Amino acid sequence: RYILGGHHLSFREAWTIFARVTGGRPPMVEAPPHLVRFAGRVGDLLGRCLGGEGPLNSAAAEMSLLCQHFSSDRARAELGYALRPLEDTVEHAWRWFVDNGYAKDRRPAA
């Protein structure tokens, strides 16, 4: 059994890359854990008031605070597994979303 994982990034590092590729704004600051938990509880309350589950709730907030790093070292050593550059992967995914009408390209024309 092998883990075919990806790059080890913080949420802030990942969102900074997403912003660069999509033409969006990068995150300005990283929210401290107590603020993330508070936002999750607010999301729970809004969900109860509106009769549905929103994109942020206490479970999602707690999951976002967990350190989740997995190693692909064994797959690299035994299978020759290799990662392509992360920006290439993000660019490819972004292009697919734009080409299939799921997102609007905000970047200036080249």
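Visitor: Which residues is tyrosine 2 in contact with, leaving aside its neighbours within four places in sequence?
Guide: In this predicted model, tyrosine 2 is in contact with Arg74, Ala75, Glu78 and Leu79, once neighbours within four places in sequence are left aside.

Visitor: And where is tyrosine 2 found?
Guide: Tyrosine 2 sits in the segment before H1.

Visitor: Is tyrosine 2 buried, exposed or partly exposed?
Guide: Its relative accessible area is 35%. Buried means under 20% and exposed means over 50%, so tyrosine 2 counts as partly exposed.

Visitor: How far is tyrosine 2 from serine 58?
Guide: Their C-alpha atoms are separated by 31 Å. Along the chain, tyrosine 2 and serine 58 are 56 residues apart.

Visitor: Stepping back, how many helices and strands are there in the protein?
Guide: The protein has five helices and zero strands. Read along the sequence, the pattern is α-α-α-α-α.

Visitor: What does the radius of gyration say about how spread out the protein is?
Guide: The radius of gyration is 18 Å, whereas the globule rule gives 13 Å for 110 residues. The value is well over the rule, so the protein is more spread out than a compact globule.

Visitor: What does the C-alpha trace span along its principal axes?
Guide: About 50 × 40 × 25 Å.

Visitor: How much of the protein counts as buried?
Guide: Of the 110 residues, 15% count as buried. The accessible surface comes to about 8700 Å², and carbon and sulfur atoms account for 61% of that surface.

Visitor: Which residues make up the largest nonpolar core?
Guide: Five residues form that core: Ile17, Val21, Val90, Trp94 and Val98. Helix H1 (11–22) and helix H5 (86–99) each supply at least two of its residues.

Visitor: Which helix gives the most to this core?
Guide: H5 does, with three residues.

Visitor: Is glutamate 87 buried, exposed or partly exposed?
Guide: Partly exposed, with a relative accessible area of 33%.

Visitor: How far is glutamate 87 from cysteine 67?
Guide: The two C-alpha atoms are separated by 22 Å, and the residues are 20 apart along the chain.

Visitor: Now the other end of H5. Where is alanine 103, and what does alanine 103 touch?
Guide: Alanine 103 lies in the segment after H5. Residues up to four places away in sequence aside, alanine 103 touches Trp94, Phe97 and Val98. Trp94 and Val98 are also residues of the largest nonpolar core.

Visitor: What is the relative accessible area of alanine 103?
Guide: It is 25%, so alanine 103 is partly exposed.

Visitor: Last topic, charges. How far apart are the mean positions of the positive and negative charges?
Guide: The mean positions of the 14 positive and 12 negative charges are 3 Å apart.

Key
Residues are numbered from 1 along each chain as its sequence is written. This is a predicted model: local features need pLDDT of at least 70, side-chain atom pairs count only at pLDDT 80 or more; totals for chains, interfaces and linings use all residues. Side-chain values use heavy atoms; hydrogens and water are left out. A nonpolar core is a set of buried Ala, Val, Leu, Ile, Met, Phe, Trp, Tyr and Cys residues joined through side-chain atoms within 4.5 Å. Buried means under 20% relative accessible area, exposed over 50%, partly exposed in between (1.4 Å probe, protein chains only). Helices (H or I, at least four residues) and strands (E, at least two) are DSSP runs, numbered from the N terminus. The radius of gyration is taken over C-alpha atoms; the globule rule is 2.2 Å times the number of residues to the power 0.38. Accessible areas come from the Shrake-Rupley method with a 1.4 Å probe; for residues, only the protein chains shown count as cover. Lys and Arg count as positive and Asp and Glu as negative; His and the chain ends are not counted. The place of a charge is taken as NZ of Lys, CZ of Arg, CG of Asp or CD of Glu. Contact means heavy atoms within 4.5 Å.
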